[in-house]
Amino acid sequence: MYTYIIECIDGSLYTGVATDVIKRMREHLGIEKGGAKYTKTRPPVAIRAVWESENRSSASKLEFYVKKLTRAEKLQLIATFNLSLIPQIDSALYTLKSEYIGQISLNS
């Protein structure tokens, strides 16, 4: 299970969870059915961070606490990938998946 942070076309940051990051991005882009209401009008342009966890519970816990961060704190998290910035999270339970990080083609 994955927790991700994406940057949207308007510069906003969106956090979510997924079992398949690529499929979820395709949903957010409208290529496949699904996707969040938020990203319908603000399509993602880049994946900024992805962490893998053992189960949905851990992924959702990380999502919950990331969503509570200020924009500045989220940007710091994206810059450092340091989950110790979130004291409620045991960073040992999460693995950064850098292979997903980067620009998203809007023409996928």
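Guide: Let us begin with Thr95, which lies in strand β4 (residues 94-96); helices (H or I, at least four residues) and strands (E, at least two) are DSSP runs, numbered from the N terminus. This is a predicted model, where local features need pLDDT of at least 70, side-chain atom pairs count only at pLDDT 80 or more, and totals for chains, interfaces and linings use all residues. Residues are numbered from 1 along each chain as its sequence is written, and side-chain values use heavy atoms, with hydrogens and water left out.

Visitor: Which residues does Thr95 touch, not counting those up to four places away in sequence?

Guide: Contact means heavy atoms within 4.5 Å. By that rule, Thr95 touches Val50, Trp51 and Glu52. The C-alpha atoms of Thr95 and Trp51 are separated by 5.2 Å, although the two residues are 44 residues apart along the chain.

Visitor: What is the relative accessible area of Thr95?

Guide: Buried means under 20% relative accessible area, exposed over 50%, and partly exposed in between (1.4 Å probe, protein chains only). Thr95 has 43%, so it is partly exposed.

Visitor: How do I read a helix in the same terms? Which residues of helix α4 are buried?

Guide: The general idea first: an α-helix has 3.6 residues a turn, so residues three or four places apart point the same way. In α4 (residues 71-80), Lys74, Leu77 and Ile78 are buried. Seen down the helix axis, the buried residues of α4 fall within an arc of 100°, so they line one face; the arc is that of the directions from the helix axis to the C-beta atoms. Ala72 and Ala79, on the other side of α4, are exposed.

Visitor: What do the buried residues of α4 pack against?

Guide: Their partners are β1 (2-8), β2 (13-18), β3 (44-53) and α3 (56-68). Just after α4, Phe81 takes a positive phi of about 55°.

Visitor: What pattern does the protein chain follow along the sequence?

Guide: There are four helices and five strands, in the pattern β-β-α-α-β-α-α-β-β. The radius of gyration is 13 Å, close to the 13 Å that the globule rule gives for 108 residues, so the chain is as compact as a globular protein of that length. That radius is taken over C-alpha atoms, and the rule is 2.2 Å times the number of residues to the power 0.38. Of the 108 residues, 42% count as buried.
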